[in-house]
Amino acid sequence: MQLYVNDELVQSEHRQLSALIDALVSSEQRVAVAVNQQVVPRSQWSECLLNDNDRIDIFESIAGG
Amino acid sequence: MSFTIAGHDFSSRLFTGTGKYANQEQMIASIVASGSDMTTLSLRRMDLKSGSDNILKPLQQLGIKLLPNTSGARDAKEAIYAAQLAQEALGTNWVKVEIHPDPRYLMPDPIETLKAVEELVRLGFVVMPYIHADPVLCKRLEEVGAQCVMPLGAPIGSNQGLASKPFLDIIIEQSNVPVIVDAGIGAPSHAAAALEAGADAVLVNTAMAVASEPETMGKAFKLAVEAGRMAYESGTGQVQHTAAASSPFTEFLKELS
C-alpha cells in the first residue's frame, strides 16, 4: 500500500492508523493526526483503517507567538 | 489583581509567546521571570527525518496554560482545521485565531476571522481572536461569542508600541469581554501604557525573546504590567493643555515683595 505521509510517498504495510503512527513517532511525543484533511482523534487511531493513496498529516507543537 | 476569561482565572495580566528565543533555557527562564500563566505555541507538520525539538515537555513541567495559535492559516477553513489539530496535540479547547494571508505586514483578515470565530464557538472552543484594532469588528466578534478580543498595537514583531492607541481606547470603552493588546509591544513602557489605558492584559513575545537578557526583560515586563494595572485602578489624572500648579508658590512670591 502506498501512502503520503506529510507529502512524502511511503510504502507501508500498516493497515491501522495507530500502527503507522507507532512506527513513525516516539510514544512520548504528543501529535495530532489527520487523514485526508480530517482530524482523527487519538481514541480512534486503532479503528481507523488506511487505504491506498491516503494522505496522512502528522502535526506537532513548536515555538510560536 | 486576577481576571477571568471563559471562567478561567489568571493571576498575571501578561501573556507570553514561545517564538524567537535563542534556546529553550532562555525561553523558560524568561517566561518564569515574567510571571505569565499562559503562553502561546504553534503547530507544524512534523519533519519525520530530523525529529522534533520537543518544546512541550519543559512547558508542561512549568504548569503554565498553553494557548495554541492558528498561525499559518490563510482563511477560516484552515484556521478551523488548525484549531482542531491543536486540540488534539495539546488537549485544550482554547485557541488563538490568527489568520494573516499577507506575510509582509501579517495583517489579520477580519472577514475570515469573524467566520472562523463563529464556527469555532459553535464547536465549543474558547476563542481568542487576533485582529486589527477595529472597534466595530470587536463588537461583531463579541456578538458571535468570542470570549475576548486581541487587537494589535502595531504589526507583529515590529516593536512599534501602541500605534493604534486611539482605537484601542474605543475598544476598551465599549467591550464587554476582556481586551488583550497583542502584537507590536516592544518595551515594558508600551505594556504599562496599555494596562494604564484599561486593557485587561497584553501578549508579549518578540520583545522578551530577542532581548539580550530575556530573563531580565521578562521581569521588566512583569513589573510594567503590574504598575500599569495599579495605575489604572488608582485612576490617572486628566490631561490638560495648561499648567496647574502643584505647589502654592504664588503666595510665597507675594510675601517676598
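**Note on a predicted two-chain model**

1. Start with chain B. Take its contacts between residues at least 6 apart in sequence: 63% of these join residues at least 24 apart. The model is predicted, and so is this contact pattern.

2. Chain B holds 10 helices and 10 strands. Of its 257 residues, 46% are buried.

3. What radius of gyration does chain B have? The value is 20 Å. A compact globule with 257 residues would have one near 18 Å, so chain B agrees with that expectation. Along the principal axes, the C-alpha atoms of chain B fill a box of roughly 85 × 40 × 35 Å.

4. Now the contact between the chains. Chain A gives 21 residues and chain B gives 26 residues. On the side of chain A that touches chain B, the elements giving two or more residues are strand S3 (32-35) and strand S5 (55-63). The largest share, 7 residues, comes from S5(A). By class, this side of chain A has 11 nonpolar, 6 polar and 4 charged residues.

5. Which strand of chain B is joined to S5(A)? The partner is strand S4 (residues 38-45) of chain B. The two strands run antiparallel, and 5 bridges join them. Within this pairing, Ile62(A) stands opposite Ser42(B) in S4(B).

6. A word on confidence. Chain A averages a pLDDT of 91, and 100% of the residues score at least 70. Where in chain A is confidence lowest, and where highest? The lowest is in helix H1 (residues 17-24) of chain A, at a mean of 91. The highest is in S3(A), at 95. S3(A) is also one of the strands named above on the side that touches chain B.

Definitions and conventions:
Residues numbered from 1 in each chain as written. Chains lettered and ligands numbered in written order. Predicted model: local features only at pLDDT ≥ 70, side-chain atom pairs only at ≥ 80, totals over all residues. Contact = placed C-beta atoms within 7 Å. Helix = DSSP H or I, 4+ residues; strand = E, 2+ residues; numbered from the N terminus. Nonpolar A, V, L, I, M, F, W, Y, C, P; charged D, E, K, R; others polar. Pairing = 2+ DSSP bridges. pLDDT = per-residue confidence, 0-100. Rg over C-alpha atoms; globule rule 2.2 N^0.38 Å. Buried ≥ 20, exposed ≤ 12 C-beta atoms within 10 Å, placed from the backbone.
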